[in-house]
Amino acid sequence: AFGLAMKLHRAGHLDDAQMLYERILAAAPEHADALHFLGVLAHQRGRAAQARDLIRRSIAQAGGVPDWHNNLGNVLLESGQVDDAAAAYEQAAGLAPQRADIQNNLGVLRREQKRFAESEAAYRRAIALDPEFVDAHTNLGNLLHATNRDEAAMVSYCEALALKPANVRARQALGMAYYTLGRFEEATKVYAEWLRDEPDSP
């Protein structure tokens, strides 16, 4: 039943997946996987409080799964509970120190806390673990730009674009960085190439 619920969930059949998760929990109220993925589903549907409760209950049953702490961090951060999200991401990072995506999330969290040095360190750890992680390069560039290090930011944006030339966030940020520095010809080139690839982009 759980396997079928997961298959339905991945396929986007949320009503059917929810019904199966709930039936599983009616028979086995502490089924950790069903608790967790019903929580993920609740988050997808914008039910943050229910999502937090279900995911926390799943972690109480099986606390050694780094993705579950990471998911809890995502829900908490989106709910504005920054300090609680930090604790969840730290737990995830402790369980899986080699996971670049978790380090990237920790970087996002630290920036939200205005702990910029720690945010930068987390992004750089993510990049060291996975040099082709486009989001980490872009996020690092955004942080460097926000802390008035535009030349260094452009290096990160260029890295992101080299890895994924159609990355909208990196293109937008690189264009703005060139513009801020008064390098208008280079900014124009970024936007012209973007417009060539996306002629209908407002």
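How many aromatic pairs does a search of the whole structure find? The search finds 4. Rings of Phe, Tyr and Trp (its six-membered ring) pair if their centres lie within 6.5 Å; planes under 30 degrees apart are stacked, over 60 edge-to-face, the rest tilted.

Before the details, a word on the model. This is a predicted model, where local features need pLDDT of at least 70 and side-chain atom pairs count only at pLDDT 80 or more, while totals for chains, interfaces and linings use all residues. Residues are numbered from 1 along each chain as its sequence is written, and side-chain values use heavy atoms, with hydrogens and water left out.

Take Phe 2 and Phe 37. Their ring centres are 6.2 Å apart and their planes sit at 50°, so this pair is tilted. Phe 2 lies in helix H1 (residues 2-10) and Phe 37 in helix H3, so the pair ties together parts 35 residues apart in sequence. Helices here are DSSP runs (H or I, at least four residues), numbered from the N terminus. Phe 2, Tyr 21 and Phe 37 form one aromatic cluster.

Next, Tyr 179 and Phe 184. This pair is also tilted, at 5.6 Å centre to centre and 55° between the planes. Tyr 179 lies in helix H11. Phe 184 is partly exposed, with a relative accessible area of 48%. Buried means under 20%, exposed over 50%, partly exposed in between (1.4 Å probe, protein chains only).

Last, helix H5, residues 66-78. Its buried residues include Trp 68, His 69 and Leu 72. The buried residues of H5 pack against helices H3, H4, H6 and H7, where contact means heavy atoms within 4.5 Å. After H5 comes Gly 80, with a positive phi near 85°.

Technical notes:
Helix = DSSP H or I, 4+ residues; strand = E, 2+ residues; numbered from the N terminus. Expected span 1.5 Å × (residues − 1).
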